[in-house]
Amino acid sequence: MSVVMLSLWGAGLPVGASSAPFTTAAEVKPILSATKANWVSVREYEGQDLLYVTHLWSWRCGLNGMRIGVNGAEPVTWPMPPCHEDQAAPNAILPEDGLPYGTFPLGSIQQITIDVFYDDMTMETLKVNRLGQPISP
């Protein structure tokens, strides 16, 4: 019996195509659309709720900004580090970028509203529960 191994890596890509740098809305929108349950996460740590936006920071090069609202509060602009287009991995989070979370009283976060502004001038809003699972508007 012989086994034939087929590689699908690169299937459908033109010869010589390389991976995208993921620095535009066209490149990051499909990823963020498929990973909505990962946009934010809540972690209880040292008597506080930490609201992490690491996933959105990781795809920030295709974004113009983001706003976050907690428990029905009007979303406010959250800072994002710049895209490091001079680096091999422009979306990398570097030590000088700061920490990708905000602190809240322990157990206080129940619902999060996230507004994402893409660099193609479109916007997407998502509401999630404390576990990061999307909830109906």
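The structure is a predicted model, in which local features need pLDDT of at least 70 and side-chain atom pairs count only at pLDDT 80 or more, whereas totals for chains, interfaces and linings use all residues. Residues are numbered from 1 along each chain as its sequence is written, and side-chain values use heavy atoms, with hydrogens and water left out.

Confidence is expressed as pLDDT, the predictor's confidence in each residue, from 0 to 100. The protein has a mean pLDDT of 87, with 85% of its residues at 70 or more. Where pLDDT is low, the predicted coordinates should not be read in detail.

The elements named here are DSSP runs numbered from the N terminus: helices (H or I, at least four residues) and strands (E, at least two). An open sheet of 4 strands has the order β4-β3-β6-β7, with antiparallel pairing. β4 and β7 stand at its edges with a single partner strand each, so one side of each lacks a neighbour in the sheet. From one strand to the next, the twist averages 30°. Helix α1 packs on the sheet, where it touches β3, β6 and β7, and its direction makes about 160° with that of β6; such axes are lines fitted to C-alpha atoms, for helices over the stretch in contact, and angles run from 0 to 180 degrees between N-to-C directions.

Two strands are taken to pair if DSSP finds at least two bridges between them. Strand β3 (residues 63–70) has 6 of its 8 residues buried, so it is largely enclosed by the rest of the structure. Buried means under 20% relative accessible area, exposed over 50%, and partly exposed in between (1.4 Å probe, protein chains only). β3 pairs with β6 (residues 111–118) in the antiparallel sense over 7 bridges, and Leu63 stands opposite Tyr118 in β6. With β4 (residues 76–78), β3 forms 3 antiparallel bridges, and Arg67 stands opposite Thr77. β6 is also joined to β7 by 7 bridges, again antiparallel, with Phe117 opposite Met123 in β7.

The hairpin of β3 and β4 has 5 residues between the strands, and Asn71 in its turn has a positive phi of about 55°; Asn71 is partly exposed, at 39% relative accessible area. In the loop between β6 and β7 lies Met121, whose phi is near 75° and which counts as exposed at 70% relative accessibility. Most residues other than glycine have a negative phi.

The largest nonpolar core has 22 residues, and Trp39, Val40, Leu51, Ile68, Ile112, Ile114 and Tyr118 have the most contacts inside it. Such a core is a set of buried Ala, Val, Leu, Ile, Met, Phe, Trp, Tyr and Cys residues joined through side-chain atoms within 4.5 Å. The elements giving two or more residues to this core are α1 (25–34), α2 (54–58), β3, β6 and β7 (123–129). Not counting residues up to four places away in sequence, Ile114 touches residues including Trp39, Val40, Ile68 and Leu126.

Finally, Asp97 lies in the loop between β4 and β5 (101–105) and is buried, with a relative accessible area of 13%. The side chain of Asp97 reaches the backbone nitrogen of Leu94 at 2.7 Å.

Key: Contact means heavy atoms within 4.5 Å. A polar contact is a pair of N or O atoms within 3.5 Å; within protein, one must be able to donate a hydrogen and the other to accept it, and residues adjacent in sequence count only if both atoms are side-chain atoms.
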